[in-house]
Each structure stands twice: as structure tokens, then as C-alpha cells.
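Subject: Handover of a structure and summary of findings

Dear colleague,

Please find below the structure that I am handing over to you.

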Amino acid sequence: MAGDIVPIELGLTDGNSFTLWAPRWREGDDEWEAFLGLDEDLYVLPGVAELAAFVRTNDDNDLVEHPAWPTIVGVQADELVPDERHTYDLVGVPELAAEDPTPEVIAELEDALEIVRILGEVCELTAITKFFNGNPILGAVTTGTRNFEGREGTDLWVRIGRLIAKHWDDVLDAIDEVITTPAVDAKAVETAEAELEAAASAEDEDEPEVDEDIEIVETADESEDDDEDEDEDDEDEDDDDFWASVGIDPIRIVTSSNEYLTLRCYLGDDPVFLGAKGKIFVFTSPRALSRFLADDNTHDLSELSTFDDVRTEATNGSLEFDVIDDNVYVLPGLATDIADGPRRMDRDQLDLAVELFTDAADYADDDTVNEALGTSTPLGWFVDYTVNPDPKRMAPSGPFDNEAEAWRALEHDFESRLVKKG
């Protein structure tokens, strides 16, 4: 499937329709974003077979110059079936906004609003751009569930629902005005339908049959396993108590090249890592970390009054490194997500990464991270908006390539502080 051209399904006034969307791409020094269409017309087809047939037989549309167009022309029809993430019920948006703000409802509403906003920009639909630019509180939907907690959050959700109920017909009318269903070659449609039927039959054959009359009974071995799990939970609690008693946390860092374990503590507000001279010692296995801690190595944590307890546990082989979720830092993919904008960010993981980069820089007496993440910088504003959303602020506008590059620079600088010891 061509990753740069995405099949999408739109729930419109006259029913569900299918088209293609090319998210923002760069051509030379220019940025582009487009849908299947020509000039002012947005092309939609009534089914996937018609979409496949049109793509294969038409070379007069706005996407033919896209670098992925030759790939999309050659795919099988079943590869043009939109996935769930790219299925948007636009007609149902007012009803969706009237539901309770569960994470699922918010995510679905976010996706629908975002694709409509993009349609408005690409197709230059004034009614839609005015709707979004004139109602910045819609940006609250792009930042998850926190904005809709408590009484104030409920009031905000109700206001958004009323706003959508009042103006959504105008939004749909604007989209309907540019929609065109082009003619499609009948034989090409028949060929695509045959491909879809063949793909569906193959999928049915691959699905294993499940006997619904089978009753699953817990065996004695499974009961013993449950008891062992409870014992392991008790051991985990003991490990957590040990690390809490010495005031040091095991942390796990996932980089693009490997996964590491190390230790960190705080002296007042100052972070101190297992390391020296601003470098952080990292390890690829618990055993390697234990061996290092048991030996008489020089590092900044050895100066702590409680470190002798850690060395003792490591020496007798009883030291365990159970890392809590708040101390797991996953870096791969964040730069790509930043390039896609705040609506797709994992806010918690971004917040954790900022914490890690800041702690590492502070440990090395380096101000570059704080400077790069200052709210006056584009990356700093992006991060602050994503981590601390405020519906009263306008969301950052793309493209976010510069912010992504600035983040990659911070990530590179952080990884250069890591010294692999085992």
C-alpha cells in the first residue's frame, strides 16, 4: 500500500463514499496536500470497486503528479479498502458530540473534525475555515480527555456540542457543493469487484473455526500458576519498597538502537544519574547492571549514603529492577509524531521524554534543552500546547517539519550522553 496516498471513507449527506487523501508531502521547497479530484471538484466514488476502477483508468486528476501515484495505480482492489482509522462519519458528528466524552468518543470526534478541517483548507471552503478559525475551543478535542474532566470539563464539552449542532449543516453543505462522482469504466469495475470477492473468500478461509460449545475449565496447573503470579506480585512490591527506601529509581530508556537500564535519583530538585561527568552509564541487561553495581566502580551514585545497601543487594544476587511505567522512556517515533502535529501525539510519552532530556541536561549542567524547549521557540510552544492543553489557545499550525528536526537534535544530543557499559 502506498503510504503517501491513503484511501478514506466519508459518511456524507448522500451516503458513504470513497476517495483518496494525500497527506502533506514536500516537493522541492514546496509543501502540498491534496485529495482525489480535479481543480475545484472533490471526487468521491460509491464503492471501493469504483474507486479502484477510476484510479486505474483515469490520469486526469490532481494526484497524478504525486510520487506515490504509480504505486497506488498498481495495488489490488482490497488494498484500497479504508482502515477503521480512516473512516469518517461526517453526518454523524452532531450525534457524536452529544454523547458522553469517553476516550473513544473524543478520539472519533477528533478524527472527524481534523479531516473536515483539512478538506476545508485543501478545497478552500470558506465556511469550514471560518468555522474552525472562529471557534478555537474546538482545539480542546485534539488534546485528549483531560479537558473534559470535572464540572468545567463537562461545560466545555456541552459548549462544543452546541457549537457543532448549530453550524454543522453549513459545514456539510460546503463539502456537498464541491463533491463530484466521476464516470467509471464498467469493465474495470467488474475486475475490481472480482478482486474484492477473491480477497474476502481468502480471508474467510484463513479464519479458524471456533467451537462455541467448548467450555474452558481451569486446571490444577493453571491454579498453581495463579498462585505463582500472586507470589511474584508480592516480590514486586518488595522490590519497589527497596528502591523507595534507598531513594533511587531504576529507569528504562528505549532508543532507536537499543533498550537500556540505568538508575536515577534526585537530591532536592537536582537529578543524579548512574554516571559521571555528565555522562549516563546504561546497560542492556539487569545482570550487567547488577555486576557493575556490585563492583567497586566510580560513579556519582556511589556518594549517596544509601548506595551501600544497593551494592550489598547486587553482591548477594537479590537485586531486582522492576521499572514503573512513569520511569519508562520510549523515544522512537516521537519525532515522526511531532511532524504529524499535536493531534496524534502520545502526550504522556512526550511529557516523559521532555522530563528525561531535561534531567540529563541538568545533570550535565547544560542549558541547551531548557533553551530549545522555551515557550518562545516553535518546538517549545508545540510541546507546551501538547503537554499542557488550553482550549482558549489556538492550536499550533503546521507544517511541523522544523519542530520535528529540533526534537531530533535534542534526541541526538541526549543519546550522545549515554555510555554503554554492558
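Which residue in strand 12 is the bridge partner of Gly-275? The partner is Ile-280. Before the details, two notes on conventions are in order. This is a predicted model, in which local features need pLDDT of at least 70 and side-chain atom pairs count only at pLDDT 80 or more, while totals for chains, interfaces and linings use all residues. Residues are numbered from 1 along each chain as its sequence is written, and side-chain values use heavy atoms, with hydrogens and water left out.

Sheets

Helices (H or I, at least four residues) and strands (E, at least two) are DSSP runs, numbered from the N terminus. Two strands are paired if DSSP finds at least two bridges between them. The residues named in the opening question belong to the pairing of strand 11 with strand 12 (residues 279-282), where 2 bridges join antiparallel strands. These strands are part of an open sheet of 3 strands, ordered 11-12-14, with mixed pairing. Strand 11 (275-276) and strand 14 are at the edges with a single partner strand each, so one side of each has no neighbour in the sheet.

Another open sheet of 3 strands has the order 4-5-7, and its pairing is mixed. Here strand 4 (37-38) and strand 7 (179-180) stand at the edges; each has a single partner strand, so one side of each is left without a neighbour in the sheet. Strand 4 runs antiparallel to strand 5 (residues 41-43), and 2 bridges join them. Gly-37 is opposite Leu-42 in strand 5.

Nonpolar cores

A nonpolar core is a set of buried Ala, Val, Leu, Ile, Met, Phe, Trp, Tyr and Cys residues joined through side-chain atoms within 4.5 Å. Buried means under 20% relative accessible area, exposed means over 50%, and partly exposed lies in between (1.4 Å probe, protein chains only). The largest nonpolar core has 56 residues, of which Leu-293 and Trp-407 touch the most other members. Helix 12 (residues 347-363) gives the most to this core, with 9 residues. A second, separate core has 42 residues, including Trp-21, Ala-112, Leu-119 and Phe-131.

Ser-290 lies in helix 9 (residues 286-294). Its relative accessibility is 13%, so Ser-290 counts as buried. With residues up to four places away in sequence again not counted, Ser-290 touches Ala-314, Leu-319 and Phe-321.

Helix 15

The expected span of a helix is 1.5 Å times one less than its number of residues. For the 15 residues of helix 15 (residues 401-415) this gives 21 Å, which agrees with the 21 Å between its end C-alpha atoms. The buried residues of helix 15 are Glu-403, Ala-404, Trp-407, Leu-410, Glu-411 and Phe-414. They cover an arc of only 120° around the axis (taken from the directions from the helix axis to the C-beta atoms), which puts them on the same side of helix 15. Asn-402 and His-412, on the other side of helix 15, are exposed.

Salt bridges

A salt bridge is a side-chain nitrogen of Lys or Arg within 4 Å of a carboxyl oxygen of Asp or Glu. By this rule there are 9 salt bridges.

Glu-114 and Arg-117 form one of them (2.5 Å, N to O). Both residues lie in helix 4 (residues 103-122), 3 residues apart, about one turn of the helix. Glu-114 is buried at 11% relative accessibility, whereas Arg-117 is partly exposed at 26%. A network of salt bridges links Glu-114, Arg-117 and Glu-121.

Arg-311 forms a salt bridge with Asp-308, with the closest N and O atoms 3.3 Å apart. These two residues are 3 residues apart in helix 10 (residues 307-315), about one helical turn. Asp-308 is partly exposed, at a relative accessible area of 48%.

Arg-417 and Asp-366 also meet in a salt bridge (2.9 Å, N to O). This pair links distant parts of the chain, 51 residues apart: Arg-417 is in the loop between helix 15 and strand 14 (418-420), and Asp-366 is in the loop between helix 12 and helix 13 (368-372). Arg-417 is buried at 11% relative accessibility, while Asp-366 is partly exposed, with a relative accessible area of 22%.

Yours sincerely

Terms used: Contact means heavy atoms within 4.5 Å.
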